[in-house]
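Colleague: Please take one part of this model and go through it closely with me. Where would you begin, and what lies around it?

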Amino acid sequence: MALLQISEPGQTPEPHQSKRAVGIDLGTTNSLVASVRSGSAEALPAEDGSVILPSAVRYTESGVQVGLAARAAAGDDPFNTLISIKRLMGRGLADVKSFGDQLPYHFGEDTGGMPSIETVAGAVNPVQVSAEILKVLAKRGADSLGGELDGAVITVPAYFDDAQRQATKDAAKLAGLKVLRLLNEPTAAAVAYGLDKSDEGGDVADRTVAVYDLGGGTFDISILRLSRGVFEVLSTGGDSALGGDDFDRAVGEWIAAEAGLGSDLDAATQRKLLNTACAAKEALAEADSIAIEYGSWSGALSREKLAELLDPLISKTLRACKRALRDAGLTAEDIAEVVLVGGSTRTLRVREKVEEFFGRKPHADIDPDQVVAIGAALQADVLVGNKSREDLLLLDVIPLSLGLETMGGLTEKLIHRNTTIPVAKAQEFTTFKDGQTAMAIHVVQGERELEKDCRSLARFELRGIPPMVAGAAHIRVTFQVDADGLLSVSAVEKSSGVAAEITVKPSYGLEDSDITRMLQDSYAHAEEDVVARALREAQVEAERSMEAMLVALQEDGAELLSNEELDELERAMEALRLAHNGGTAEEIRSRVEALNTLSEPFAGRRMDKSIKRAMQGHSLDEFDQS
Amino acid sequence: MYAGSEGPGARVHTGLFVIWASGMKLQQNHFEIFGLPVAFEVDRQALAKRYRELQQEFHPDRFAAKSEREQMLSMQYAAQINEANNTLKDPVQRAAYLLQLAGVEINPEQTTADGEFLMQQMILRERLEEVRDASNPESELEVLSVEAGELLKAQEQAFSSALAANALDEAKGALLKLQFLAKLQSQLEALEEDLFD
């Protein structure tokens with residue numbers, strides 16, 4: 001790999017302090033934060049020593065409670081205690097209604113495509129609730145690591161669609177976190193096990209790994225290929241609405257039926273029933289049969305009975321495993337390792353069925369609740385720049401196909417699921433009426449043929465098309481999915497010789513102004529100073545930009561810039577430094593923007609240079625053999 | 001359809017969608033990117049190895065701590081490397097790309113005019129439809145899959161030698177048949193999923 005080294009000997013920037021980066025597992029049931037300290041990754045504990053933060057948020061008239069205290073109140077105060085909020089991330093009110101009476105909350109109007117939930121502290125949306133959880137974890141990280149965090153890797157189920165990923169990123173933004181990457185949970189788990197490293201220190205051939213991740217509210221299966229530091233996701237599948245909560249519900253319904261309770265139970269009873277069911281399920285990991293008491297009823301639940309209740313749900317997960325294997329072009333025999341993730345894999349019956357399906361004993365040495373956060377911490381350490389660049393590379397895929405609505409409510413797939421990201425696809429459109437200056441494009445995500453069966457992602461309006469006769473305009477629309485799995489769209493009309501840029505208006509999701517408003521709302525609660533916070537954020541951004549520029553200049557400034565350009569950049573840096581030390585947030589931001597714009601050609605030349613360098617290991621002859 | 005215009009050059013930056021600068025591209029063709037000869041036969045191992053080396057260099061993860069501009073460029077380069085890899089990995093896409101490089105236009109609506117081939121395809125599809133009602137669908141599907149696989153192999157060879165001989169019309173004919181057979185294969189896979197899951 002020597003030929004891929006980018007820094008010249010002697011030109012390496014001076015070694016800097018290691019940065020503070022964390023990995024966060026923002027789970028449906030529990031959340032954790034982990035970090036790499038003195039070379040090894042570990043979950044960071046709260047003051048009381050516990051590492052798991054229940055993903056429960058309770059709104060009271062006097063403030064917000066997060067974690068254990070909130071969860072404990074769920075039975076008594078179900079409307080104000082929000083649990084499993086992850087299920088609602090990136091979902092619209094219509095989706096939420098389809099969950100039926102599983103959620104006891106009072107839903108209000110949509111805001112920015114999201115349902116809002118009425119609480120005693122006013123209406124809140126899922127992004128805000130998740131941000132409360134993230135804030136607690138971020139603070140824990142900063143306290144443990146001794147200062148403000150430089151960045152975080154946040155994990156999401158591999159199955160999350162664009163809207164769900166975007167909502168997660170918005171929540172992080174709201175919590176004041178810099179997101180280095182959204183990472184698929186199963187990928188993080190494979191990283192935690194370091195399965196690419198050989199057993200005896202020698203080179204290992206490629207091997208395929210299945211990560212079976214059954215959490216509280218989501219199931220994911222990922223098929224990965226690992227070889228020498230490269231983790232390649234071959235396929236993913238799963239169900240974003242299936243998990244241990246459903247196990248509890250199945251057991252709870254059985255208890256309710258046995259105890260002769262009616263089907264019309266109030267929220268508090270439902271919650272108590274689920275707590276009893278969950279305890280019974282966990283106890284059966286140790287015992288063959290356990291006694292249950294609920295109200296005046298008492299009975300027993302055996303492992304056999306539990307298996308009978310759970311098997312239909314477990315079978316659903318195994319069918320998804322089969323599909324993911326087929327997408328990867330593999331069968332169960334090809335899988336060299338199986339990794340178990342998620343608290344629900346502690347259930348004995350799950351382990352039995354998974355072992356039976358894959359024909360081998362799964363890895364379960366690392367605590368299945370912590371393994372994702374630990375993997376995320378390892379990746380955060382690499383991304384923030386603490387670790388050598390050759391150690392780890394994750395090549396991830398888009399979990400669901402992206403398509404466009406065509407005539408008659410059909411969809412045309414543009415980017416197929418399990419395509420490696422980042423990816424860009426361009427499509428040409430034309431006008432069908434004379435003088436037409438706008439058109440609408442409907443982007444959907446999903447595997448089904450009919451538009452109505454897929455998830456509507458966005459309806460774009462292309463505006464600003466130069467008026468021409470019908471069919472004369474050639475509008476090239478490019479759909480780009482970045483390394484976080486997030487979509488962006490650009491459009492250019494190119495028939496007129498000069499490419500005109502066209503404004504694209506999405507119809508779904510949060511606008512920056514929504515985020516700002518929510519930020520202000522949250523400051524009002526926490527009585528923080530909005531201005532001071534904004535200034536600090538701008539300063540951090542300025543520090544990041546200056547440091548990145550300094551490194552770039554040290555590496556390539558002399559070679560790639562004229563003296564004049566160098567002077568200009570240095571002046572812009574100096575202006576930013578001054579603004580950083582005494583300016584307002586707005587002044588700093590505009591200086592950062594100025595520096596970025598000015599350095600754009602330099603950034604381009606640096607990339608070209610690395611391309612050339614990467615090509616050098618291959619002689620020109622190789623290109624001329626056609 | 002909507003009326004109204006906001007004028008060229010306008011940019012939007014919203015929470016969800018960021019318009020990104022376009023026009024940054026690697027200059028090499030897909031084969032050059034991977035240092036492979038421009039030919040239908042591809043050294044799969046060399047391709048996979050080179051692909052990973054390039055992604056080690058240009059993947060956005062390598063730029064997560066760098067400036068926004070560099071992050072954007074790396075995303076575009078990495079996307080292009082992925083696109084090149086996907087094209088070269090898949091025989092049908094690779095064949096179409098080779099013809100495109102040779103300046104041959106392929107109309108997506110166009111189909112083969114070879115009557116004998118079309119007849120064979122019709123029979124294969126009829127058999128496909130009958131699999132469901134066969135006494136042993138699994139073995140019938142297996143037989144069909146093997147046959148389709150062999151036809152695909154033969155057509156790939158036909159394409160390869162036509163291209164090597166610079167017989168572009170002939171190569172195009174082979175590509176059109178390849179597309180047919182690839183579609184048949186995906187139908188076979190879909191049916192298998194349908195029947196046995």
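**A sheet and its surroundings**

Modeller: Start with the open sheet of chain A, where three strands stand in the order 6-5-7 and pair antiparallel. Strands are DSSP runs of E, at least two residues long; helices are runs of H or I, at least four; both are numbered from the N terminus. Two strands pair if DSSP finds at least two bridges between them. Strand 6 (63–66) and strand 7 (81–83) of chain A are the edges; each has a single partner strand, so one side of each has no neighbour in the sheet. From one strand to the next, the twist averages 20 degrees.

This is a predicted model: local features need pLDDT of at least 70 and side-chain atom pairs count only at pLDDT 80 or more, while totals for chains, interfaces and linings use all residues. Residues are numbered from 1 along each chain as its sequence is written, and chains are lettered from A and ligands numbered from 1 in the order in which they are written.

Now the pairing. Strand 5 (residues 56–60) and strand 7 of chain A are joined by three bridges and run antiparallel. A:R58 has A:T81 as its bridge partner in strand 7. Helix 3 (residues 126–145) of chain A packs on this sheet and touches strands 5, 6 and 7. Touching here means contact: C-beta atoms, placed from the backbone, within 7 Å. The direction of helix 3 makes about 70 degrees with that of strand 6 of chain A. Axes are lines fitted to C-alpha atoms, for helices over the stretch in contact, and angles run from 0 to 180 degrees between N-to-C directions.

Next, a hairpin in chain A. Strand 2 (residues 30–37) pairs with strand 3 in the antiparallel sense over four bridges. One pair is A:V36 with A:A41. Two residues lie between the strands, and A:S38 takes a positive phi near 35 degrees.

In a regular strand the side chains alternate between the two faces of the sheet.

Finish with A:A34. Its contacts, not counting residues up to four places away in sequence, include A:A41, A:A43 and A:I374.

Methods. Contact = placed C-beta atoms within 7 Å.
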